[in-house]
Amino acid sequence: MANRNETLSRSYKFLNEDYFQKLYEAFIEAFSDYVIPFALTDTQFRNHINLNGVELERTVGCFEDDRLIGFSLNGFGEWEGRQTVYDAGTGVNPGFRRRGISEAMFEMMIPKFKAEGIQQWLLEVITTNNAALSLYGKLGFNSVRELAVLQFDGHMAALSEMPQNIEIRDIDDPDWSLRTTFWDGRTSWQNSVAAIERSRKMKRIIGAFSGGKCVGYIIFSSVFGRVAQIAVEKDHRNRGIGTALMLAMQAATAEGFPLQIINIDKSLSTAMDYFKNRGFYENVGQYEMKMEM
């Protein structure tokens, strides 16, 4: 399929690295009135691209003359054993909405990616974003689970005493084969092992060790207090290890940033109860949606 499609004065084409600045500016414009504040610096936008495995050569842009007015950021990788494209952000400038731009971009992308062997499309959408839900429903996406962003404002209460025989220290080279055995469920795309590895320079990993063995860990965005993963080995739960890890993260978080658990599966009732019992509340709800190709 051609890498360009034109309709009247509007054109659609796949981008490349040369379009990074225009793409960043279009991203800021498109999300200027988003359901939740979503303003990123250009460096943070670059980190967003790296985290989600976005390939600019397989990202589509919509142009009005020379102005980029719409885009669909596409990340690629394996998800549940299948070749997957991940929508890391589809947006249209507020002044150009309701003109079929998002639909046209997907009409251009779907046959190309299907021909390349992509088996499914994955994304998240805020549960109150009715316009996006309507669009994705028309395209054939179905909700597969609900995710939540949990937030804690203020400072966590210190433990009366540290868990016995537990050492808290940084981890430089995580053993994923061990740490994934601590999980009760699965992460979202941007919190997956692959995403952590892609954004490793922006993450800090702190572990809890008993007798030299890791029995719990937390992964979070340095400075910002946003948890990507936290897990404790099943036989070591209910001993304060998770709280000790959260306190270690809070000590490393810059003043003024709330603690957040990013996109936790709401069906994990034990984990949800754990955080809510410690003062976390649901700040944002999202549907994880998937379309078979």
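Which is Gln229, buried or exposed, and what is its relative accessible area?

A: Gln229 is buried, with a relative accessible area of 4%. Buried means under 20% relative accessible area, exposed means over 50%, and partly exposed lies in between, with a 1.4 Å probe and protein chains only. This is a predicted model, in which local features need pLDDT of at least 70 and side-chain atom pairs count only at pLDDT 80 or more, while totals for chains, interfaces and linings use all residues. Residues are numbered from 1 along each chain as its sequence is written, and side-chain values use heavy atoms, leaving out hydrogens and water.

Gln229 is part of strand β11, which covers residues 226–232. Helices (H or I, at least four residues) and strands (E, at least two) are DSSP runs, numbered from the N terminus. The side chain of Gln229 makes a polar contact with the side chain of Tyr217 at 2.7 Å. That side chain of Gln229 also reaches the backbone oxygen of Asn191, at 2.8 Å. A polar contact is a pair of N or O atoms within 3.5 Å; within protein, one must be able to donate a hydrogen and the other to accept it, and residues adjacent in sequence count only if both atoms are side-chain atoms. Contact means heavy atoms within 4.5 Å.

Leu68 is found in strand β4 and is buried, at 4% relative accessible area. Leaving aside neighbours within four places in sequence, Leu68 is in contact with Lys22, Leu23, Ala26, Glu29, Gly61, Cys62 and Phe63. Leu68 lies 43 Å from Ser269, C-alpha to C-alpha, and the two are 201 residues apart in sequence. Thr253 sits in the loop between α7 (241–252) and β12 (259–265), and at 13% relative accessibility it counts as buried. The side chain of Thr253 reaches the backbone oxygen of Met249 at 2.9 Å. Beyond four places in sequence, Thr253 touches Val223, Phe224, Gly225 and Leu259.

Two exposed residues give a contrast. Asp65, in the loop between β3 (60–64) and β4 (67–79), counts as exposed at 62% relative accessibility. Asp65 is not a glycine, yet its phi is positive, at about 60°. Arg98 is in the loop between β5 (82–92) and α3 (101–115) and is exposed, with a relative accessible area of 81%. Phi of Arg98 is near 60°, again a positive value in a residue other than glycine.

Finally, the whole chain. There are 8 helices and 13 strands. The radius of gyration is 20 Å, close to the 19 Å that the globule rule gives for 293 residues, so the chain is as compact as a globular protein of that length. The radius is taken over C-alpha atoms, and the rule is 2.2 Å times the number of residues to the power 0.38. Buried residues make up 50% of the 293 residues. Among contacts between residues at least 6 apart in sequence, 72% join residues at least 24 apart.
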